[in-house]
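The report below takes up their salt bridges.

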Amino acid sequence: MSDERRPLADLAASLVQDVPDFPEPGVVFKDITPLLADGAALKAVVEDMASRAPGPIDLVVGMEARGFILGAPVAVALGAGFIPVRKAGKLPRETLAGAYELEYGSAVLEVHPDTIRDGSRVLVVDDVLATGGTAAATVALLEKAGGVVVGLSFLMELTFLGGRDRLPGRPLDVLLSY
């Protein structure tokens, strides 16, 4: 990590709280609620994520649900549109769907394909890169819809889960690594 990001990383790390055995035994949940509640810290994180976007961005995509919280303000900061990728059954019109594995189960994501113009430059934003299943499924959906995923930005990465391995060759930006 660069020296200029160290103060922000230290601040963010001080606000992320570990919650053991949530949502099930053996999982340590990284709770970003205290970071979200700190206006100055949230603003700094959003500005940092936006400033590190690889070139012009047409769309920012956030995955349900904390990806919405970080992705929408990043989109505003970039002057880009925002697209939510939702859990199955939450979007009211035609969708594309993709199944994926979590560190503690499996799920299906959906997106409205008509909101992504062919060739749109897309930045994927989420709070945590864990096993990489959610991010990989999202990238596949966006590319199937005609988007060009130019980067992925995460607040934090759980390196011991190897999520990067599911995103080979993809430009990744991460503020915190655990």
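What follows describes selected salt bridges in this predicted model.

## Overview

The structure holds eleven salt bridges. Side chains of opposite charge can pair when their charged atoms come close.

## A buried pair and its network

Asp48 forms a salt bridge with Arg5, and the closest N and O atoms of this pair are 2.6 Å apart. Because Asp48 belongs to helix α3 (residues 39-51) while Arg5 lies in the segment before α1 (6-15), the pair ties together parts that are 43 residues apart in sequence. Asp48 is buried, its relative accessible area being 12%, and Arg5 also counts as buried, at 6% relative accessibility.

This pair belongs to a network of salt bridges that links Arg5, Asp48, Arg52 and Asp173.

## A pair within helix α1

Asp10 forms a salt bridge with Arg6, with 3.6 Å between the closest N and O atoms. Both residues lie in helix α1, where Asp10 and Arg6 are four residues apart, about one turn of the helix. Asp10 counts as partly exposed at 43% relative accessibility, as does Arg6 at 39%.

## A pair between helix α5 and a loop

Glu143 forms a salt bridge with Arg170, in which the closest N and O atoms are 2.7 Å apart. Glu143 lies in helix α5 (residues 133-144) and Arg170 in the loop between β8 (148-157) and β9 (172-177), so this pair ties together parts that are 27 residues apart in sequence. Glu143 is partly exposed, at 35% relative accessibility, and Arg170 is partly exposed with a relative accessible area of 25%.

Terms used:
Residues are numbered from 1 along each chain as its sequence is written. This is a predicted model: local features need pLDDT of at least 70, side-chain atom pairs count only at pLDDT 80 or more; totals for chains, interfaces and linings use all residues. Side-chain values use heavy atoms; hydrogens and water are left out. A salt bridge is a side-chain nitrogen of Lys or Arg within 4 Å of a carboxyl oxygen of Asp or Glu. Helices (H or I, at least four residues) and strands (E, at least two) are DSSP runs, numbered from the N terminus. Buried means under 20% relative accessible area, exposed over 50%, partly exposed in between (1.4 Å probe, protein chains only).
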